[in-house]
Amino acid sequence: MASVQDSSCEHAALSDIPSLTTAVTKFMNKVNRESLDTLAMLFASEVKLEDASADILQLVADNFIKYTLRLGSLDVNANRKAELFGEAVKFLDERCNSGLAESVVAAFRKQLKGLLTASWKQEEGDVHAWRDGSMVLDESMDIRNKLMAIITLVTSLCLAGACSSDIVGLALREIGYLDFSGVDTVRDPDASIDEDVPMPQCIMLSGSMPAIQPVHGDTVKKYQERLASEFDLPAERLGLLSADGTRLPLSARLYEFSGEALSILVWHPALKEEHRAEAVCKLLSRLGPQLDSALVAEMKSHLEELRPQLTKRFQFMISDVLEA
């Protein structure tokens, strides 16, 4: 069997790899627990994983995520494949010392952002149609299924030891389920507010700039409420992202980001609180013992707050998880 160690020492380039999509698809179609070691090493050799550049690693990770999302979340065989996904990533990451696990985490965070945020047309061009709900029903179940598929991937990675409890907490904050409460978000708590310091610019993901911009004294929450009036949307559907794509907590003081460009996130109108609650219930039922106790307590506390606001079906689902 060809070994990764026997592959060329030169860094893999895009032109060296016939088709990453084909390689990933072939590997994931064939792999099972019995063949994991053998097929994973063949795959690593084919795409020169050990010597791959950061760009190639990210392409491999993107293709792994896209493959598993195409499987959906309802088919039993698809769930088996998704559960095996974490073991495959962990094996390849450790055996090839490749950094693949980190790239996969970045890939599913990118997929989450793309899935759960509104597109340019949804932000501006079709705002009235989205507001009155005429376009929401067609996409709500699709978003629910893809979110559950991503949660299955996160669960698989965590169970295999390919991502930490901190990553799970980050994912929950990035889907809008939890804020960054309890996290020290003030960069310099003793700093005085200098009125001459320029405020950050806030830009839509599409590149356009709203008329309402941050002013001195704004926190994320205050700016979010002012911006909502311009967009005529609920403030809860808006958020801000830092330059590295991390969602800023509502308590963050915007003058601390002076000179930076922050991205305005608009949650997809078809994303329901029920979707978030169901995703959290799935995580807790599968990962509860593996997660940090403080994170579990925060997840359960928010479920308790949500329970009276949801339908009977989701109230029973939450009760089952809380009482387990």
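**Helix packing and open space**

Author: Helices α3 and α5 pass each other in a right-handed crossing (the near helix is turned clockwise from the far one by less than a right angle; anticlockwise is left-handed). The model is predicted: local features need pLDDT of at least 70 and side-chain atom pairs 80 or more, while totals for chains, interfaces and linings use all residues. Residues are numbered from 1 along each chain as its sequence is written, and side-chain values use heavy atoms, without hydrogens and water.

Reader: At what angle do α3 and α5 pack?

Author: Helix α3 (residues 54-71) and helix α5 (residues 100-116) pack at about 55°, with their axes 8 Å apart. That angle makes α3 oblique to α5 (under 35 degrees is roughly parallel, over 145 roughly antiparallel, 65 to 115 roughly perpendicular, the rest oblique). Axes are fitted to C-alpha atoms over the stretch in contact, with angles from 0 to 180 degrees between N-to-C directions. Helices are DSSP runs of H or I with at least four residues, and strands are E runs of at least two, numbered from the N terminus.

Reader: Which residues of α3 and α5 meet?

Author: On the α3 side they include Leu57, Val60, Ala61, Phe64, Ile65 and Leu69. From α5 come, among them, Leu100, Val104, Ala107 and Phe108 (contact means heavy atoms within 4.5 Å). By class, the contact divides into 11 nonpolar, 3 polar and 3 charged residues (nonpolar: Ala, Val, Leu, Ile, Met, Phe, Trp, Tyr, Cys, Pro; charged: Asp, Glu, Lys, Arg; polar: the others, Gly among them).

Reader: And α9 with α12, at what angle do they cross?

Author: The axes of α9 (residues 165-174) and α12 (residues 293-306) cross at roughly 25° and come within 10 Å. These two helices are therefore roughly parallel to each other, and their crossing is left-handed. Ser165, Val168, Gly169, Leu172 and Arg173 of α9 meet Leu295, Glu298 and Met299 of α12. This contact has 4 nonpolar, 2 polar and 2 charged residues.

Reader: What about α11 and α13?

Author: Their axes also come within 10 Å and cross at roughly 25°, with α13 covering residues 312-323. Helices α11 and α13 are therefore roughly parallel, and the crossing is left-handed. Glu274, Glu278, Cys281 and Leu284 of α11 touch Arg313, Phe314, Met317, Ile318 and Val321 of α13. No polar residue takes part in that contact, which has 6 nonpolar and 3 charged ones.

Reader: Changing topic: how much space lies in the largest pocket?

Author: About 700 Å³. A pocket is an open set of points on a 1 Å grid over the protein atoms alone, with protein on both sides within 12 Å along at least five of seven lines; a cavity is a set where a 1.4 Å probe fits but cannot get out, and lining residues have an atom within 4 Å of a point. Volume is the space filled by probe spheres on points joined across faces, edges and corners.

Reader: Which residues are closest to the pocket's centre?

Author: Of the 30 lining residues, Gly176, Glu236, Trp267, Glu273 and Arg276 are closest. Helix α12 gives the largest share of the lining, 5 residues. The lining has 12 nonpolar, 7 polar and 11 charged residues.

Reader: How many cavities of 30 Å³ or more are found?

Author: The search finds 1, and the largest cavity has a volume of about 60 Å³. Among its lining residues are Arg109, Leu112, Lys113 and Glu174, with the largest share, 3 residues, coming from α5.
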